Amino acid sequence: MTELSQYPVRPGQVREWTLHPPALAAARRAERDSVPPSYNQESHVLTTVRLQERGARTADWGGVAFEVDGDLDTGAFGRALVGWIGRHETLRSGFRSEGGELHRFTLPREAIGVESAVLGEFRDSQVLGRFLTDRLDAATDTLSWPCYGVETVQRPGSATVLLAFDHTQTDGYTLFGMVHEIQEFYRAAREGRPPALPATGSHVGYSREQRHQASLVGRDHPAVLRWKRFIEDSGGRPPGFPLPLGTGDDELLPQKSVFGWLLDADDTEALAELCKRESSALPAGVLAASALAVRDLGATGPYRTVMPFHTRTRSEWSASVGWYVEGGPVEIDLAPGCGFPEAVRTAQRSAREARRVARVPFFRVCELLGVDFKKTSPDPFSLLSYMDVRDFPGARDWAGWNARALLRLSDSGKACLWVVRTLEGLYLFGRYPDTEEAAATLASYTRCVREILQEAVGTGRRAGSADRRVAASV
């Protein structure tokens with residue numbers, strides 16, 4: 001996971017891929033779909049409207065970049081895009097505001113077609129990177145349809161593919177899963193065969209079910225009561241980052257990013273085993289390290305954050321493109337002198353409760369509580385996300401494909417963090433407001449989390465060796 005500016009694209013010919021005019025005309029004629037947007041989609045669109053009414057236009061997209069070998073077969077690539085967009089109903093679905101309400105429309109597969117145009121030849125990677133960013137920013141306007149864009153950069157012997165999506169279309173799991181799918185669609189198109197991919201469900205269907213299930217939740221539901229208490233304990237709103245950033249939560253400031261490897265693959269596996277010995281899992285280890293780091297850097301009181309959990313509760317949604325994520329409140333109250341083993345057990349209990357709470361959409365909770373935390377900022381809270389991407393289809397090919405998940409840094413006064421486990425180890429990616437204080441804080445925080453995890457791994461290995469020596473002597 002990185003910014004596009006940190007992914008140098010080799011120079012070449014830029015070609016832009018768009019839906020063809022008949023598809024756009026079909027969208028304009030499309031009748032209202034009976035399926036409402038998901039809670040996340042609705043909140044995201046309405047917040048974008050509010051921000052634009054204030055004159056604020058903040059780019060906010062996720063995407064992927066990867067390479068294909070050989071000269072790009074543009075005919076096959078176009079067919080691949082048509083097949084892939086047809087496979088995922090949410091990419092054929094959009095929203096309109098009518099009478100103050102947000103309504104969906106959805107196109108059938110047969111309405112989809114693409115066309116491409118060459119935008120120019122680029123010889124300078126930095127100039128090319130800025131150009132691609134501008135094009136993808138324009139293509140991912142939340143209030144337009146389609147709100148995603150595709151660019152290819154062709155050169156003799158290879159091509160770079162870049163796709164970007166407004167958040168209404170995707171989540172992090174989607175991004176990590178789509179590279180393999182598009183590569184397979186492209187190979188299949190070149191070889192004249194169907195893609196070898198399992199059937200997949202639809203985020204549109206998920207949205208229908210989410211709305212129905214959420215309608216059964218009342219104000220006295222345990223998840224609503226837990227959020228209510230959490231918000232009250234956080235000062236009347238979901239928590240921001242627990243260390244100083246030099247800005248107010250509702251300020252819209254440009255953001256910067258931080259990236260750092262925390263552990264290599266062997267140490268990550270050792271950490272997972274250490275967590276297991278404490279009847280916990282690796283995400284709890286990450287939360288524990290974060291709580292300890294925040295304490296060591298001077299924060300007082302319980303550590304509070306929001307942890308996202310995927311909501312792909314059916315196998316049909318496992319490979320589906322869409323926004324299948326809800327957040328749960330995490331609170332870790334560390335006892336004085338608490339070390340990593342005790343902290344990870346406490347974190348595990350909190351994470352387990354947060355996962356249960358996340359079964360109810362956060363914005364349904366807000367609806368029931370009569371509050372709205374996205375009026376002035378794209379981020380309702382700071383978050384700490386954990387993802388394990390080792391078992392995604394194609395994960396072992398990402399290095400050869402030079403594949404990356406891309407994140408556009410939206411303007412915000414909050415800091416948000418993603419810890420990702422890959423085949424190479426464990427890394428942290430974060431975005432934060434562009435202030436000197438925030439930069440220093442995030443650098444110190446990342447360093448402290450790394451040191452806590454490395455020390456825990458070292459201590460765990462020494463304890464394991466001692467146990468093995470004792471067992472051998474018995």
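This is a predicted model: local features need pLDDT of at least 70, side-chain atom pairs count only at pLDDT 80 or more; totals for chains, interfaces and linings use all residues.
How do the residues lining the largest cavity divide into nonpolar, polar and charged?

A search of the whole structure turns up 3 cavities of 30 Å³ or more. The largest has a volume of about 730 Å³. Its lining comprises 38 residues. Closest to the centre are H167, W323, V325, L383 and W418. By class, the lining of this cavity holds 21 nonpolar, 10 polar and 7 charged residues. Strand β11, residues 383-388, gives the most to that lining, with 4 residues.

Next comes the second largest cavity, with about 170 Å³ of space. Here 17 residues form the lining. T48, L51, T58, D60 and T142 lie nearest the centre of this second cavity. Its lining has 4 nonpolar, 7 polar and 6 charged residues. Helix α2, residues 39-53, supplies the largest share, 5 residues.

The largest nonpolar core has 75 residues. Within this core, F66, W84, L163, F176 and W398 touch the most other members. Helix α5 spans residues 172-191 and gives the most to the core, with 9 residues.

W398 deserves a look of its own. Leaving aside residues up to four places away in sequence, W398 touches F176, V179, V389, F392, P393 and A403.

Note on methods
Residues are numbered from 1 along each chain as its sequence is written. Side-chain values use heavy atoms; hydrogens and water are left out. A nonpolar core is a set of buried Ala, Val, Leu, Ile, Met, Phe, Trp, Tyr and Cys residues joined through side-chain atoms within 4.5 Å. Buried means under 20% relative accessible area, exposed over 50%, partly exposed in between (1.4 Å probe, protein chains only). Helices (H or I, at least four residues) and strands (E, at least two) are DSSP runs, numbered from the N terminus. Contact means heavy atoms within 4.5 Å. On a 1 Å grid over the protein atoms alone, a cavity is a set of points where a 1.4 Å probe fits but cannot get out, and a pocket is an open set with protein on both sides within 12 Å along at least five of seven lines; lining residues have an atom within 4 Å of a point. Grid points are joined across faces, edges and corners, and a volume is the space filled by probe spheres set on the points. Ala, Val, Leu, Ile, Met, Phe, Trp, Tyr, Cys and Pro count as nonpolar, Asp, Glu, Lys and Arg as charged, and the others, Gly among them, as polar.
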